[in-house]
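I open these notebook entries with the model on screen. I shall record what I look up, entry by entry.

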Amino acid sequence: MRYLVQERIFSLTHDFWIEDEAGNRAFYVDGRALSLRETFELRDAGGNLLIVIRKKFFAVRETMDIEDANGLVATVKRAFFSPLRHRYEINLAGGPRLEAVGNFRDKDWSLADEGGALVGQISRRWFRVRDTYGVDVAPGADDALVIAIAVCIDRIHEDEEHHDERGGFGFGLR
């Protein structure tokens, strides 16, 4: 299933809808910009809370946790050392890992499991609308989790870009 994400993620309200490929509202991202640490809630179209995304307050690398009603589901962070390609590591609570690889600035990357099987793909190429990208979830994958991972990576990447523009230092090569 393919979803349409508007890049309003970083507006003052941090709230936005994610639509499915038919144009129906599928998920709502509710940002809690005024909380001590940045928090996003992913809700279904009916308003039911599916996932909470929280930025870790103290971490060597920017890190975001994805939680559901049962607790921690995944942790998303930029790979510490990646000299040949841009990538993010996603550690799932059950033990396996996912890896996101590609061009994060241009929103053209893929998400795969440890065996290399595609779990999701994120791309701007599918849409002609400015500031829009698609999240294509592989059959059998958890749509809400893949979207949450995309939101995390987008947020972390955006924060790193702003940090570097202000004269900060980055740990990953670009």
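**Entry 1: basis and elements.** How many helices and strands are there in the protein? I find one helix and twelve strands, taken as DSSP runs numbered from the N terminus (helices H or I of at least four residues, strands E of at least two). This is a predicted model, in which local features need pLDDT of at least 70 and side-chain atom pairs count only at pLDDT 80 or more, whereas totals for chains, interfaces and linings use all residues. Residues are numbered from 1 along each chain as its sequence is written, and side-chain values use heavy atoms, with hydrogens and water left out. Reading from the N terminus, I note the order β-β-β-β-β-β-β-β-β-β-β-β-α.

**Entry 2: totals.** I looked up burial next, with buried meaning under 20% relative accessible area, exposed over 50% and partly exposed in between (1.4 Å probe, protein chains only). Of the 174 residues, 44% count as buried. The protein exposes about 9300 Å², and 51% of that is supplied by carbon and sulfur atoms. These areas come from the Shrake-Rupley method with a 1.4 Å probe; for residues, only the protein chains shown count as cover. For contacts I use heavy atoms within 4.5 Å. Among contacts with a separation of 6 or more, 31% are between residues 24 or more positions apart.

**Entry 3: the nonpolar core.** I then turned to nonpolar cores, each a set of buried Ala, Val, Leu, Ile, Met, Phe, Trp, Tyr and Cys residues joined through side-chain atoms within 4.5 Å. The largest one has 40 residues, and the members that touch the most others are I53, I66, I90, L111, V135, I149 and I153. Which element gives the largest share of this core? I find that α1 does, with eleven residues. As general background, nonpolar side chains tend to be buried together in soluble globular proteins.

I followed L111 further. Leaving aside neighbours within four places in sequence, L111 is in contact with residues including I90, L98, A100, A117, L118, V146 and I149. V146 is found in helix α1 and is buried, at a relative accessible area of 3%. Not counting residues up to four places away in sequence, V146 touches L111, V119, G120, V135, V137 and A141. I also checked V146 against Q121: the two are 25 residues apart in sequence, and their C-alpha atoms are 9.1 Å apart in space.

**Entry 4: salt bridges.** I searched for a side-chain nitrogen of Lys or Arg within 4 Å of a carboxyl oxygen of Asp or Glu, which defines a salt bridge. The structure holds seven.

- D136 pairs with R2, with the closest N and O atoms 3.6 Å apart. This pair links distant parts of the chain, D136 being in strand β12 (residues 132-137) and R2 in strand β1 (residues 2-6), 134 residues apart. I record D136 as partly exposed at 23% relative accessible area, and R2 likewise as partly exposed at 25%.
- E41 and R43 meet at 2.7 Å, N to O; E41 is buried, at 13%.
- K107 pairs with D154, the closest N and O atoms being 2.9 Å apart. K107 lies in the loop between β9 (97-103) and β10 (108-113) and D154 in helix α1 (residues 143-165), so the pair ties together parts 47 residues apart in sequence. K107 is buried at 6% relative accessibility, and D154 is buried at 5%.
- R87, E89 and E99 are linked in a network of salt bridges.

**Entry 5: backbone of K107.** What is phi of K107 near? I read a positive value near 55°, in a residue other than glycine. In general, most residues other than glycine have a negative phi.

**Entry 6: aromatic pairs.** Rings of Phe, Tyr and Trp (its six-membered ring) pair if their centres lie within 6.5 Å; planes under 30 degrees apart count as stacked, over 60 as edge-to-face and the rest as tilted. My search of the whole structure finds four aromatic pairs. Y88 and F104 are edge-to-face, at 4.7 Å centre to centre and 75° between the planes. Y88 is in strand β8 (residues 87-92) and F104 in the loop between β9 and β10, 16 residues apart. Y88 is buried at 0%, and F104 is buried at 3%. The rings of F104 and W109 have centres 5.4 Å apart and planes at 40°, so this pair is tilted. W109 counts as buried, at 4% relative accessibility. I close the entry with the cluster into which ring pairs link Y88, F104 and W109.
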